[in-house]
Amino acid sequence: MTNRAQFIVLGAGVAGLAAAFELGEAALTLEQNDRPGGLVRTDCIAGYWFDHVLHLLHFQDATTERRIRGLLGSDLVALNTEAFVETSQGVARFPIQLHLAGLHPHAATACLSGLVKAARDEDPSPPANYAEMLERSFGRELCELFFFPYNRKQWKRPLETLAPSGFQWNIARPDIDSATRGALDGDRIALAYNANAWYPRPGGDDIRGMELLSHALAQRATDLRLEHHVRAIDPDAQRVIVTHHGRDLELHYEDACIATLPLPVLMRITAGVPAALRKACSRLLCNRVLNAMIRVRGPRPRGRGFWRYYPDESLCFTRLIHLYEFDPGTAPHDGWGLMAEIVEPSEWPSPNLNSIRAVLRCDLERVVAIPAGCEILGIDIRVVDPAYVVFTPECQAVVERAAAHLHSRGVFPLGRYGRWEYSSMAQVMRDGFALASSLRAQETRVGRTRA
């Protein structure tokens with residue numbers, strides 16, 4: 001086994017695996033866990049399958065869609081997902097701004113009026129912060145009902161301290177005509193950005209859930225080494241130091257290092273980073289997710305949607321996810337799996353999982369998430385950290401400086417956490433394919449010049 005490669009890819013999540021797929025035999029890929037996938041993994045607990053976090057494929061470009069559908073074949077199924085928002089003024093389909101008829105009439109009228117006013121009084125100047133961006137997009141009434149409380153739960157920080165940009169890939173101001181039709185017609189269904197989705201439904205039971213994607217990509221990584229923990233990167237020596245089964249190893253790359261490690265970690269372990277820049281990156285903020293995996297015995301509820309959002313700030317979870325809607329085979333025939341997503345700032349003290357389980361059970365009862373005739377068999381909680389990057393006004397400039405420095409040293413950050421961005425699974429795979437293709441083409445041009 002060689003310890004030298006043309007390219008080294010750090011991290012075998014789907015972004016790193018996409019880059020490794022594109023680079024083929026030129027890449028050596030290192031992963032700290034005992035199986036590839038990063039967050040795109042699925043665990044089986046007593047016959048119930050749970051993704052580490054909810055992942056759906058929403059393809060934005062034909063090339064990525066063609067490659068991934070070609071990898072998974074008939075195991076990848078198209079879903080017309082539906083989701084709901086439970087508010088104090090009624091239950092509306094998601095996106096709520098296009099389904100106001102689900103609210104009580106007076107609330108629907110007020111929210112529609114607020115949307116119209118926001119569109120009519122549009123301010124051409126940039127919004128000062130995230131709260132202002134939301135209010136300009138949706139109006140005060142809809143923000144007070146849903147967007148403000150939900151985002152306070154999601155980010156656990158004053159919305160006025162967050163940047164007005166960085167979050168918008170899944171936030172869109174509605175067309176007023178569409179919002180009006182959605183307020184008048186309760187039967188109308190408007191598609192959300194994530195309504196047309198893809199999810200695996202394999203025939204066998206060896207692997208289920210979205211890990212099927214990670215597994216398929218990993219099969220295309222020529223040299224994938226698991227349980228290799230990256231300790232240091234030396235761009236001058238083009239060397240990576242790793243620990244594997246208690247032993248330190250030196251691995252060398254000839255052309256470039258692609259890194260999907262979280263950017264603050266990457267800047268901490270990379271030699272030659274200016275102290276001020278390293279310190280600025282250490283202050284980048286992120287949130288963790290406590291993913292509660294709930295095993296239920298009893299009849300599967302119908303009409304609850306694929307997931308439901310809960311803006312009520314007295315509830316511990318932001319949303320509940322019904323896994324049997326994605327794949328009926330994720331649980332025994334006499335049961336079903338439910339995931340509850342609980343978000344906390346990563347800088348908070350480590351959570352007391354027993355206390356969280358107790359609060360979660362009470363909150364599930366409050367919203368009648370577990371119908372009569374069903375029984376909770378167990379609740380397992382997985383801590384995912386980082387899960388969501390947080391955008392502050394200072395964030396973008398720091399991230400851009402970090403990326404420029406790393407690029408100048410032949411280290412290329414990739415993925416949601418490497419690039420410190422809010423991106424989807426399909427987007428990071430597209431970026432992995434594109435970055436690897438660009439680096440390979442660049443090296444080919446350099447080689448021709450040298451020849």
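Here, buried means under 20% relative accessible area, exposed means over 50%, and partly exposed is in between. Keep that handy for the exercises below. One more thing before you start: this is a predicted model.

**Exercise 1. A covered helix**

Task: Work out how many residues of α1 are buried, then name them.

Solution. 
- Step 1: Count. In α1, 10 of 10 residues are buried, so the helix is mostly covered under the 20% cut-off.
- Step 2: Name them. The buried residues are Val-14, Ala-15, Gly-16, Leu-17, Ala-18, Ala-19, Ala-20, Phe-21, Glu-22 and Leu-23.
- Step 3: Look just past the end of α1. Gly-24 has a positive phi there, about 60°.

**Exercise 2. Two ring pairs**

Task: Find out how many aromatic pairs the whole structure has, then classify the pair Phe-21 and Phe-433.

Solution. 
- Step 1: A search of the whole structure gives 15 aromatic pairs.
- Step 2: For Phe-21 and Phe-433, the ring centres are 5.9 Å apart and the planes meet at 75°. Planes over 60 degrees apart count as edge-to-face, so that is what this pair is.
- Step 3: See where the partners sit. Phe-21 belongs to helix α1 (residues 14–23) and Phe-433 to helix α14 (residues 425–450), so the pair links distant parts of the chain, 412 residues apart.
- Step 4: Check the burial. Phe-21 has 17% relative accessibility and counts as buried, and Phe-433, at 6%, counts as buried too.

Task: Now try the rings of Trp-155 and Tyr-388.

Solution. 
- Step 1: The centres are 5.9 Å apart and the planes are at 75°, so this pair is edge-to-face.
- Step 2: Trp-155 is in helix α5 (residues 140–155) and Tyr-388 is in strand β17 (residues 375–389), so the pair ties together parts 233 residues apart in sequence.
- Step 3: Trp-155 is buried at 2% relative accessible area, and Tyr-388 counts as buried at 9%.

**Exercise 3. A charge over rings**

Task: Which rings have Arg-67 over them?

Solution. 
- Step 1: Start with Phe-21. Arg-67 lies over the face of this ring, at 4.9 Å from the ring centre.
- Step 2: Move to Phe-433. The charged end of Arg-67 sits over this ring, 3.9 Å from its centre.
- Step 3: Arg-67 lies over Phe-21 and over Phe-433, the two partners of the edge-to-face pair in Exercise 2.

**Exercise 4. The second largest pocket**

Task: Describe the space in the second largest pocket and the residues that line it.

Solution. 
- Step 1: The pocket holds about 370 Å³ of space.
- Step 2: It is lined by 21 residues, and the closest to its centre are Gln-396, Val-399, Glu-400, Arg-419 and Trp-420.
- Step 3: Sort the lining by class. You get 12 nonpolar, six polar and three charged residues.
- Step 4: Ask which elements take part. α12 (395–408) and β18 (411–413) each supply at least two lining residues, and α12 gives the most, with six.
- Step 5: Pick another residue of helix α12, His-405. His-405 is buried, with 15% relative accessible area. Leaving aside neighbours within four places in sequence, His-405 contacts Gly-272, Val-273, Pro-274 and Leu-277.

Definitions and conventions:
Residues numbered from 1 in each chain as written. Predicted model: local features only at pLDDT ≥ 70, side-chain atom pairs only at ≥ 80, totals over all residues. Heavy atoms only, no water. Phe/Tyr/Trp six-rings, centres within 6.5 Å; stacked < 30°, edge-to-face > 60°. Helix = DSSP H or I, 4+ residues; strand = E, 2+ residues; numbered from the N terminus. Buried < 20%, exposed > 50% of the residue type's maximum accessible area, 1.4 Å probe, protein only. Lys NZ or Arg CZ within 6 Å of the ring centre and 35° of its normal. 1 Å grid on protein atoms, 1.4 Å probe; cavity = no way out; pocket = protein on both sides within 12 Å on 5 of 7 lines; lining within 4 Å. Points joined across faces, edges and corners; volume = space filled by probe spheres on them. Nonpolar A, V, L, I, M, F, W, Y, C, P; charged D, E, K, R; others polar. Contact = heavy atoms within 4.5 Å.
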